[in-house]
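Subject: Structure handover

Hi,

Here is the structure I promised to pass on. Please open it alongside this note.

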Amino acid sequence: MPPQPRLGLPNLGFGVGLRGRFYDTLLRDTPPIDFFEIISENYMDSRGRPRHVLNAVAERYPIVMHGVSLSIGSTDPLNRDYLRRLKTLAREIDAVWISDHLCWTGVAGHNSHDLLPLPLTEESLRHVIARIGQVQDELERPLVLENPSSYMGFAEDSFTEWDFLSILAEEADCGLLLDVNNVFVSAYNHGFDPCTYLARLPTERIVQFHLAGHSNMGTHIIDTHNGPVIDEVWALYQRIRARTGGVATLLEWDADIPHLSVVHAEVQYAQTLENAPLKPFTMPRAAAKKATADVATFGPLTTQPEFAFHETSH
Amino acid sequence: MRQATEPTSLAQTQSWLQQALFNPAGDENALRQDAEEKVTPSATLSARQRLAVYQHSYWGRLLACMGELFPGVCHALGAAVFEGFATEYLTHFPSHSYSLDHLGTRFVTYLQHFRPDAQLPPDQREGWPDFLEDLAALELAVSQIYDGPGIEDQPPPTEAQQVAMLQGALPFKPAPCLRLMRFRYPVHVYLKAVKRGKHPAAPQPESTHIAVTRCAFQVRFFEHHPWEHGFLEALVSGSDLSQALAQNSLAPVLHAQNPAQGWLTQALRRAYFFGGDMA
Ligand SMILES: [Fe+2]
């Protein structure tokens with residue numbers, strides 16, 4: 001039987017990622033934002049100001065939890081202590097759902113704090129499906145998984161990312177957090193058609209959208225979450241949103257973060273697109289010139305601020 | 001050599017990629033060959049260059065985080081030298097935690113063990129590493145206190161409880177956010193200046209005693225006289241008031257010179273002690 005739209009979870013409207021930059025504003029005011037998303041790891045163990053602010057925010061707004069360290073694809077055993085803490089936080093703030101990424105973050109007990117790509121193989125697929133089952137049993141709720149941006153593929157890949165995600169979501173019976181910017185970033189980096197990606201996804205399993213800005217290096221794009229959403233991403237968002245009938249939409253802004261009102265206005269733009277004519281979409285191609293820089297100096301020393309976010313304003 | 005498309009186990013692939021991230025300066029030929037075997041090129045980047053994106057991203061993120069955790073040490077060393085220290089630290093102590101909050105936990109240990117004069121007797125060592133160690137210890141305490149347990153939701157001791165504490169009938173309960181720290185340099189003055197955006201010069205050595213604690217979710221520093229500090233250390237380590245007074249010859253002066261509860265009122269205002277029962 002096909003699942004209910006959004007796995008029966010609510011359409012929360014248009015939300016913003018809770019960041020330290022917004023704490024003072026949110027302790028003072030209650031701007032009309034529909035919901036907030038937190039980076040789970042920044043609050044799981046907090047007994048200081050971050051948790052104090054979160055409690056105050058959770059009294060006034062729905063909260064969804066978004067993790068970066070579940071490491072669902074790792075061949076290490078699942079961290080049961082981490083899962084228990086995640087579950088406790090979800091209960092305490094009445095989180096509407098819990099999401100993380102289709103990736104792995106480390107092995108042999110290490111954490112790279114990066115969303116590392118999985119080889120898209122049958123072995124990975126079986127491995128991740130089994131682990132989602134264990135996580136859902138522990139959390140006693142569906143897990144929602146996001147497509148990360150990726151910068152490399154593996155020679156042994158035997159699935160496209162959209163097929164991998166679709167099979168995984170169906171077989172593990174989990175939700176999807178579709179990051180439309182990440183689809184665009186990966187399409188640029190790997191040279192696939194983002195429209196095909198979107199067309200193949202099981203839309204009824206999409207529980208949430210992410211939107212964000214990125215940094216185009218010419219030869220590739222880095223998912224830096226440091227500015228407004230580009231027009232091509234809005235165009236893709238319009239197309240997939242129309243097929244879902246409405247899904248919670250969240251704007252991630254993690255570097256050079258402006259005032260909350262600016263971030264709020266950016267996500268409100270998503271709302272205005274609901275009944276607007278479709279924006280034209282053409283996929284730009286990565287700059288044809290091969291990068292010649294030595295690998296030792298190649299690539300931006302960028303922080304992927306979704307998780308470099310760290311409270312140090314004491 | 002294996003064919004490029006022969007599948008490796010997922011565990012092998014993950015272990016290889018993690019090694020490549022942690023040791024970007026390893027055997028470049030082997031790294032390039034492995035990348036060409038395991039990673040597909042894009043239209044614009046070679047397999048090795050695509051791997052380099054992850055290597056740079058890993059180091060960039062963690063070094064930026066270290067800089068946020070230790071802005072004082074970063075200022076003292078300059079960004080480039082700090083990055084060198086932080087790189088060596090992370091190579092020896094990579095993260096094992098699900099949270100970036102714990103990334104700097106062993107940085108002070110690293111600085112102590114890897115200082116160039118670590119083998120020399122203490123009186124022959126240089127001052128500069130002492131300054132860095134003290135500053136790093138203070139910065140680590142600040143970040144731990146900022147997000148650790150505090151007493152914001154605890155009722156302050158009532159007047160009757162305060163009298164009972166001074167009479168030895170009730171114990172002094174140190175706040176979980178209180179750290180009594182002794183330094184060889186006035187690193188708190190230096191750190192405050194850095195956080196205000198100033199460019200302080202490295203200070204001269206000066207025996208420094210401070211309390212680091214948290215009031216209304218803000219981390220605060222309070223300077224102490226040595227005898228005042230010793231007296232508070234005794235109380236915090238479980239001595240009762242008469243023992244703490246006996247152990248610190250000048251403390252009775254402090255106790256006597258202040259009106260009955262003067263010093264205690266101040267200690268409570270600074271969130272050194274609390275009255276309720278912590279969960
Ligand atoms: Fe995202």
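Predicted model: local features only at pLDDT ≥ 70, side-chain atom pairs only at ≥ 80, totals over all residues.

Metal site, chain A

The iron ion has protein donors from A:Glu146 (OE), A:Asp179 (OD), A:His210 (ND1) and A:Glu252 (OE). They lie 2.1 to 2.4 Å from the ion. The spacing of the donor residues in sequence is E-x32-D-x30-H-x41-E. A:Asp179 sits in strand S7 (residues 175–179) of chain A and A:His210 in strand S8 (residues 206–212), so this pair ties together parts that are 31 residues apart in sequence. A:Asp179 and A:His210 are both buried.

The geometry is irregular, with angles of 82 to 171° among the 4 donor atoms. Four donors count as tetrahedral only if all angles lie between 85 and 135 degrees.

Helix packing, chain B

Start with H5(B), residues 79–92. Two helices to look at against it are H6(B) and H3(B).

- H5(B) and H6(B) (residues 107–114): the axes are 10 Å apart, at an angle of about 100°. The two are therefore roughly perpendicular. H5(B) contributes B:Phe82, B:Phe85, B:Glu88, B:Tyr89 and B:His92 to the contact. From H6(B) come B:Phe107, B:Tyr110, B:Leu111 and B:Phe114.
- H3(B) (residues 47–69) and H5(B): the axes come within 10 Å and cross at roughly 110°. That makes this pair roughly perpendicular. The crossing is right-handed. On the H3(B) side the contact is made by B:Trp59, B:Leu62, B:Leu63, B:Met66 and B:Gly67. The H5(B) side includes B:Phe82, B:Ala86, B:Tyr89 and B:Leu90.

B:Phe82 and B:Tyr89 are part of the contact with H6(B) and of the contact with H3(B).

H8(B) (residues 159–166) and H13(B) (residues 262–269) pack at about 120°, with axes 11 Å apart. They are therefore oblique to each other, and their crossing is right-handed. B:Gln162, B:Met165 and B:Leu166 of H8(B) meet B:Trp263, B:Leu264, B:Thr265 and B:Leu268 of H13(B).

Helix H9, chain B

Which residues of H9(B) (residues 187–195) are buried? They are B:Val187, B:His188, B:Tyr190, B:Leu191, B:Ala193 and B:Val194. Their cover includes helices H4 (71–77) and H7 (127–147) of chain B. It also includes strands S3 (179–183), S4 (208–215) and S5 (218–223) of that chain. After H9(B) comes B:Gly197, with a positive phi near 85°.

Best wishes

Notes. Residues numbered from 1 in each chain as written. Chains lettered and ligands numbered in written order. Heavy atoms only, no water. Donors = N, O, S within 2.8 Å, 3.2 Å for Na, K, Ca; no water. Tetrahedral: all angles 85-135°; square planar, octahedral: opposite > 155°, others 65-115°. Helix = DSSP H or I, 4+ residues; strand = E, 2+ residues; numbered from the N terminus. Buried < 20%, exposed > 50% of the residue type's maximum accessible area, 1.4 Å probe, protein only. Axes fitted to C-alpha atoms, helices over the stretch in contact; angles between N-to-C directions. Parallel < 35°, antiparallel > 145°, perpendicular 65-115°, else oblique. Left-handed = near helix turned anticlockwise from the far one by under 90°. Contact = heavy atoms within 4.5 Å.
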